[in-house]
Amino acid sequence: MTPQLVIFLILAAITVAGAVSVILQREPIHSAISLITVMIALAGLFLLLESEFIAAVQIIVYAGAIMVLFVFVIMLLNAGAEERTNMSSMARYVGVPLAIFLLIELAYQVGAATSSMTAQPVAEGATRALSMLLFQDFVFPFELTSILILIAILGALVLAQRSEGAPAQRAQQ
Amino acid sequence: MNDSLAYSILLASLIKVLVLLFLVLTAVAYLVWFERKVAARIQGRWGPYRVGPHGLLQPLADGAKFLLKEDTTPAGADRLLYFTAPVITLTLAISAIAMIPFGPASVHILGVATPLVIANINVGLLAIFAMTSIGVYGVALAGWSSNSKYSLLGGLRSSAQMISYELSLTLSVVGILLLAGTFNLSELILRQDGFTWGYLPKWNLLSPTFPQVLGLFCYFIAAIAETNRAPFDLAEAESEIVAGYHTEYSSFKFAMFFMGEYASMITVACLASILFLGGWLSPFPQTPGMDWTRYIPAAVFAASGVALILDGLHHRSFARITLPLLGLILGALSFLCLQPGIIDYVQGPFWFLTKVLLVLFVYVWVRWTLPRFRYDQLMRFGWKVLFPVALLNVVLTSLAVVIRR
């Protein structure tokens, strides 16, 4: 076994274990931390593919920004442990078989598609290549996506303002 | 590459890691001493003076005290997170320093020439930001796991503050990335080599394309907020929420938070000197007429050595021996710096550490001069002043780069 394979197996095990732990933990904050672990292990997998830029961005954006918001909200709501309920019959007889079927199908398709492929390390200057793709070849979809996100933020703001602002306006009149 | 060479490189890196770890932990201890001395001077006091001459052994006494105190865990604490939070803080703060290059020369360890940096990676700058961005979990989780309302408030404040100021921090260096076109910290320094009109260094702060004055302004303020230092230390504001996120911590776990704060101060100061002040580059041009500047390190060591020896004569007892001894060691260092093989070698680290010390002094100066912000002021300033200014800097720098290319 090469050192790369050993590191890959360790990181992959951490990723899967973390992902399972996200679902199984009862405290929301523990689930969030498991998710952060998954993000960081994924960044390690990106490093293994020699895409340092993606790895760093993965940590900065997902582990460092988005998950901080999650943790912030959990702390703000002071969310306690979840209550465990027995599975509903719907989930037991329809949900579980469907989930297992989906898992098998995905595993089969991914396995079939990548059986003849080996992971290719990205060439030197990957950051430049990526920025060329984003800001030249795909600049229109890229900007469109950011406008879409902006509209979503504005929409959320409008909704939040409306429910709070209406009684205040009435009080002023 | 054969196996023995690979092992030598691995061993050499390991030696570098251990040496740097030792240096950083010592630097952290004496940074606390430095801060207390500067604070005392600002407030017209003496500061630490009892333990050793000029309180120089105070860090040792503090360390022993931290180790000997009772280590308590509050009732109802989330034990696992309560234990990991200080570890996260300290580990991330110290490992970020691995990316910092200290000089241009390379050292020979076990026959392998390695540069004065542990991890010279292509995305060094991003890697440091990655470390600082997950550093917030140390504070947030400490606040959550302590099962105390003050800690929770501190953790909440800290996570909101860090999200807000991280944007400005990252945006403030985009101007430099536009000028240099690389994330590699060593290359970022090399791009700042040269002099405008023969005497003004082409550091990014004074860049001939577009001086990064706004960039440094935003970077420094955002960095103070990121390291939770006054006037942005809302997370531990003692007049409002006892001690914030580390209210419930005692003994060595508290010491870990404390050391983490100072270690991240050092990282931020190193980064400021690399990004804006030309890192290890000398502020003097290396022309034949300016050859004397190479003797500045030796002169500084010699002068401080003489000052220490003279100072030692004013003391009685213990300090009368130790201070002149320290002075003699500095004198020997100064003599060492004059040796032909070493004189070129010390230039890089000397100028780098001088700049870092300068930034650290400003850091401490700000803390003991400005009063703490109120929370709404902090948020308003971060989003309505700092963020637009950082954006403006990006726009102006891109314009300048396009026009002057």
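Predicted model: local features only at pLDDT ≥ 70, side-chain atom pairs only at ≥ 80, totals over all residues.

Residues are numbered from 1 along each chain as its sequence is written, while chains are lettered from A and ligands numbered from 1 in the order in which they are written.

**Exercise 1. Describe the make-up of chain A.**

Solution. Start with the elements, where helices (H or I, at least four residues) and strands (E, at least two) are DSSP runs numbered from the N terminus. Chain A has six helices and zero strands. Next, check burial: a residue is buried if 20 or more other C-beta atoms, placed from the backbone, lie within 10 Å of its own, exposed if 12 or fewer, and partly exposed in between. Of the 173 residues in chain A, 16% are buried.

**Exercise 2. Follow helix α4 of chain A from end to end.**

Solution. First take its length: α4 (residues 89-114) has 26 residues and spans 37 Å from first C-alpha to last, close to the expected 38 Å. That expected span is 1.5 Å times one less than the number of residues. Then look for a bend, the angle between axes fitted to the seven residues ending at a residue and the seven starting there. α4(A) bends by about 35 degrees at A:Gly95, and A:Pro97 follows within four residues. Finally, the count of buried residues in α4(A) is zero.

**Exercise 3. Work out how chain A meets chain B.**

Solution. Contact here means that the C-beta atoms of two residues, placed from the backbone, lie within 7 Å. By that rule, 16 residues of chain A are in contact with 20 residues of chain B. Helix α3 (residues 52-77) of chain A gives the most to its side, with 14 residues. Now sort that side by type: 13 residues are nonpolar, two polar and one charged. Ala, Val, Leu, Ile, Met, Phe, Trp, Tyr, Cys and Pro count as nonpolar, Asp, Glu, Lys and Arg as charged, and the others, Gly among them, as polar.

**Exercise 4. Is B:Val28 buried or exposed, and what does B:Val28 touch?**

Solution. Locate B:Val28 in helix α1 (residues 3-42) of chain B. B:Val28 counts as buried because it has 22 C-beta neighbours inside 10 Å. Leaving out residues up to four places away in sequence, B:Val28 touches B:Met259, B:Tyr262, B:Ala263 and B:Ile266. B:Val28 and B:Ala263 are 235 residues apart in sequence, yet their C-alpha atoms are 5.9 Å apart.
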